[in-house]
Amino acid sequence: MPLDKKQRQAFRDLARDTRGIDVETYARFDKDPLEPLIGLGRADAPLAFFGRDPGRDEVKYGEPFIGSGGQIVRKVLYRHLHGEPMPDFEAGRALSRDYFWINTVPYKPIGNKAWSMQVKRRFHPLMRRLLIDGWHGREIITLGREAFLWFGIEQPKAVREALEQFWQRDDRFDASIEVDLQTDGGTARRFRLHPLPHPSPLNQTWFKRFPGLLEARLSALAPV
């Protein structure tokens, strides 16, 4: 599901005044640093994957969840659906059509550091609208703390505290929590978050366990 002209321009206008976009990486691949990297997928997709922000490979290919972390997600997803290993890159890439893929901010930051709260707040209304108006599902797998706590931005204190407390639970990667989001125009929807750790090799505590944790989520949310 591509962005419409008005949505695309709104992202470009915000990006034009955003410091910290890794313009050198965009230039290396002859890509426009103002163009948002948003996968989206089918509006009726049963499941959404919500990550932190794009990396180098996402810039190269022009879509999210294509880099090393995204490849782990896609390999587990492919095996879950087909019962066999993902044969190649393009087979994993084809999964983009059937699920809703979205990040906190659709631009690669310098040094792959998480975007500041100021930048996440700037893009939050646009990303929020994509979830509320652009997708009909409610089940969201979030990847990492930054992605999970994004759902507390611009929320009442009680909601932010509930999300923070949930993240401290020992069973956070098995349990789920519901949260309401609302557009600036007043449209509101309830989503159910299913958090997982970020699938990065740097996350040594959880990296080896990630495939099993994701498979458990998929078995519950997307039975084949």
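Reply: Helices (H or I, at least four residues) and strands (E, at least two) are DSSP runs, numbered from the N terminus. One caution: this is a predicted model, where local features need pLDDT of at least 70 and side-chain atom pairs count only at pLDDT 80 or more, while totals for chains, interfaces and linings use all residues. Residues are numbered from 1 along each chain as its sequence is written, and side-chain values use heavy atoms, with hydrogens and water left out.

Me: Ok. How exposed is Arg16?
Reply: Arg16 has a relative accessible area of 47%, so it counts as partly exposed. The labels go like this: buried is under 20% relative accessible area, exposed is over 50%, and partly exposed is in between (1.4 Å probe, protein chains only).

Me: And what is Arg16 in contact with?
Reply: Gln9 and Leu34, if you leave aside neighbours within four places in sequence. Contact here means heavy atoms within 4.5 Å.

Me: How far is Arg16 from Phe100?
Reply: They are 26 Å apart in space, C-alpha to C-alpha, and 84 residues apart in sequence.

Me: New topic, the sheet. What order do the strands come in?
Reply: The order is β2-β1-β3-β5-β4, in an open sheet of five strands with mixed pairing. Its edge strands, β2 (100-103) and β4 (177-182), each pair on one side only. Two strands pair if DSSP finds at least two bridges between them.

Me: Which way do β1 and β3 run, parallel or antiparallel?
Reply: Parallel: β1 (residues 48-51) and β3 (residues 139-143) are joined by three bridges. Ala48 stands opposite Ile140 in β3.

Me: Which strands does helix α6 touch?
Reply: Helix α6 (residues 117-134) packs on the sheet and touches β1, β2, β3, β4 and β5 (188-196). The direction of α6 makes about 160 degrees with that of β2. For such angles, axes are lines fitted to C-alpha atoms, for helices over the stretch in contact, and the angles run from 0 to 180 degrees between N-to-C directions. Helix α9 (residues 210-221) also packs on the sheet, touching β1, β3 and β5.

Me: Back to strands, how are β4 and β5 joined?
Reply: Six bridges join them, and the two run antiparallel. One of the partners is Ile177, which is bridged to Leu193 in β5. β4 and β5 form a hairpin with five residues between them, and Gly186 in the turn has a positive phi of about 105 degrees.

Me: Which residues are on the covered face of β4?
Reply: Ile177, Val179 and Leu181, while Glu178, Asp180 and Gln182 make up the uncovered face.

Me: Now helix α8. Which of its residues are buried?
Reply: In α8 (residues 157-167), Leu163, Phe166 and Trp167 are buried. They cover an arc of only 100 degrees around the axis, which puts them on the same side of α8. That arc is taken from the directions from the helix axis to the C-beta atoms. Lys157, Ala158 and Gln165 are exposed on the other side of α8.

Me: What do the buried ones pack against?
Reply: The buried residues of α8 pack against α7 (145-149), β4 and β5.

Me: Switching to aromatics, how many pairs are there?
Reply: The count comes to 16 aromatic pairs. Rings of Phe, Tyr and Trp (its six-membered ring) pair if their centres lie within 6.5 Å; planes under 30 degrees apart are stacked, over 60 edge-to-face and the rest tilted. Phe11 and Phe123 have ring centres 6.4 Å apart and planes at 15 degrees, so that pair is stacked. Phe11 lies in helix α1 (residues 5-16) and Phe123 in helix α6, so the pair ties together parts 112 residues apart in sequence. Both Phe11 and Phe123 are buried.

Me: And what about Trp167 and Phe173?
Reply: They form an edge-to-face pair, 5.5 Å centre to centre with 80 degrees between the planes.

Me: Where does Arg172 lie?
Reply: Over the face of Trp167, at 5.1 Å from the ring centre. A charge sits over a ring if NZ of Lys or CZ of Arg is within 6 Å of the ring centre and within 35 degrees of the ring normal.
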